[in-house]
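Visitor: Hi, I'd like to go through this model with you. Can we start with how you assign the secondary structure?

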Amino acid sequence: MLVHDFDQITQRRGTECKKYDTYAEDILPLWIADTDFQCPQPVIDAMVARAQHGIYGYPINAMNFNRAVAHWQKERFGWDVEAGWVEYTPAVIPAIIYAIKTFSQPGDQVLIQCPVYPPFHAAIINNGRIIVNNQLVLEDGQYHINFQDLEAKLKQPRTRLMVLCHPHNPVGKAFTREELLRIGELCAKHHVLVVVDEIHQDIIYHGCRHYPFASLSDTNRDNSITCVNPSKTFNTAGVRTGAVIIPDKAIRELFYECIVNHKSYGRTIFGTLPLEVAYTQCGYYADQLMAYLEINLKCLMDFVEQHLPGIRVIKPQATYLIWLDCRGLGLSQKDLVKLLMEKAKVALNDGESFGPGGTGFMRMNIACPKATLEEGLRRIQQAMV
Ligand SMILES: Cc1ncc(COP(=O)(O)O)c(C=O)c1O
């Protein structure tokens, strides 16, 4: 079996890399959601071999792509996906935008659960729709859904879609089977289509489990669009390729019409190839990545508990994006951001960018070599004395 070296440090600065090249050299970046790990070797080998072919003309829309997505869902989650349900999209956020444009009108409402990934907010507002927030509730260190509030908002006649982040970024929640079934029932009852972003599906910590929303019931299956992308797991975000899984024929055809109208069906050779290789040959990498992230998570939790009073880790069930409750430091958000960026010289994501419920929080990406994470934690400790 192949063994991946997650301790390897690769220089990313100077490669037009958003994570590193956004900031000056003295800043340690632990923010945007890509990893500092090399891609799986089979992906690199396939890309190099294809590059050496030397001709990069128009590709056809081959079913290998669809089959690879279906294969991964079956192998990892036991979900029987038909290859015909799968459609290429340029990435997950464009897929969410196409869904919003296809299944709602300007002035309609789209429901999200804040604090949540900032591009969700932008995708709704920039397309003239209105955000409805079913605020997640923090209780005893974990986030919960307020189902009464959810139903009240789904019931509003102009609520057309719910964009469900599952697992949830940034709070790290892997929704339970019961929660997903209840969301599915409520959405179907009130004729609200569920767009499920499962991009973090592979990053699940020990003792937790990812249930694909659409796999749980006929109701969920027939009223959903599932978005995936191997990018979070295999570090391929820069190739800009995602996929949607839409079991219901009528929904699929309407969605596809939108893709055609935007001429977004044209695939890229260097986008589809890594997805196909990762989803068919690289289960070993996903397993080893999780084993490594478990170590990093423990390192972070121990360090924060011992050395960073005033900060509390919201223990994640999923994702390598850790939601840090910094309210105990008693700082304004402006001063908190300043402390971390200017004094500690680490770049984290500002909690306020995730919307209501984000004030007093910061998001840290731990998908880096452990040595990098330790350096970041040391910097924060030194800045706090
Ligand atoms: C929940 C979630 N959805 C989507 C994305 C972005 O996906 P894509 O690059 O495929 O648009 C991210 C990236 O961090 C994310 O966390």
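Guide: With that, Lys101 falls in helix H4, residues 92-103. This is a predicted model, where local features need pLDDT of at least 70 and side-chain atom pairs count only at pLDDT 80 or more, while totals for chains, interfaces and linings use all residues. Residues are numbered from 1 along each chain as its sequence is written, and side-chain values use heavy atoms, with hydrogens and water left out.

Visitor: Is Lys101 buried, exposed or partly exposed?

Guide: Lys101 is partly exposed, because its relative accessible area is 37%. Buried means under 20% relative accessible area, exposed over 50%, and partly exposed in between (1.4 Å probe, protein chains only).

Visitor: And how far apart are the C-alpha atoms of Lys101 and Glu276?

Guide: They are separated by 28 Å, and the two residues are 175 apart along the chain.

Visitor: On to the ligand. How many residues surround the ligand?

Guide: 13 residues surround it, and the closest are Val92, Asn169, Asp197, His200 and Lys232. A residue counts as near if one of its heavy atoms lies within 4 Å of the molecule.

Visitor: What classes of residue are in that shell?

Guide: The shell has 7 nonpolar, 3 polar and 3 charged residues. Here Ala, Val, Leu, Ile, Met, Phe, Trp, Tyr, Cys and Pro count as nonpolar, Asp, Glu, Lys and Arg as charged, and the others, Gly among them, as polar.

Visitor: Which side-chain atoms come up against ligand oxygens?

Guide: A polar side-chain atom of Asn229 is 2.9 Å from an oxygen atom of the ligand, and one of Arg240 is 3.1 Å from a ligand oxygen. There's a backbone case as well: a polar backbone atom of Val92 sits 2.8 Å from an oxygen atom of the ligand.

Visitor: How much of the ligand does the protein bury?

Guide: Taken alone, the ligand exposes 400 Å², and the protein buries 94% of that. Those areas come from the Shrake-Rupley method with a 1.4 Å probe; for residues, only the protein chains shown count as cover.

Visitor: What about phi of Glu16 and Thr319?

Guide: Both have a positive phi without being glycine: Glu16 is near 55° and Thr319 near 75°. Glu16 is in the segment before helix H1 (18-21), and Thr319 is in the loop between strand E11 (312-313) and strand E12 (321-325).

Visitor: Why does Thr319 count as buried?

Guide: Because its relative accessibility is 0%. Glu16, on the other hand, counts as exposed because its relative accessibility is 80%.

Visitor: Last one: where does Tyr292 lie?

Guide: Tyr292 lies in helix H12, residues 283-307, and is buried, with a relative accessible area of 10%. C-alpha to C-alpha, Tyr292 and Ile93 are 28 Å apart in space, and 199 residues apart in sequence.

How values were computed
A polar contact is a pair of N or O atoms within 3.5 Å; within protein, one must be able to donate a hydrogen and the other to accept it, and residues adjacent in sequence count only if both atoms are side-chain atoms. Helices (H or I, at least four residues) and strands (E, at least two) are DSSP runs, numbered from the N terminus.
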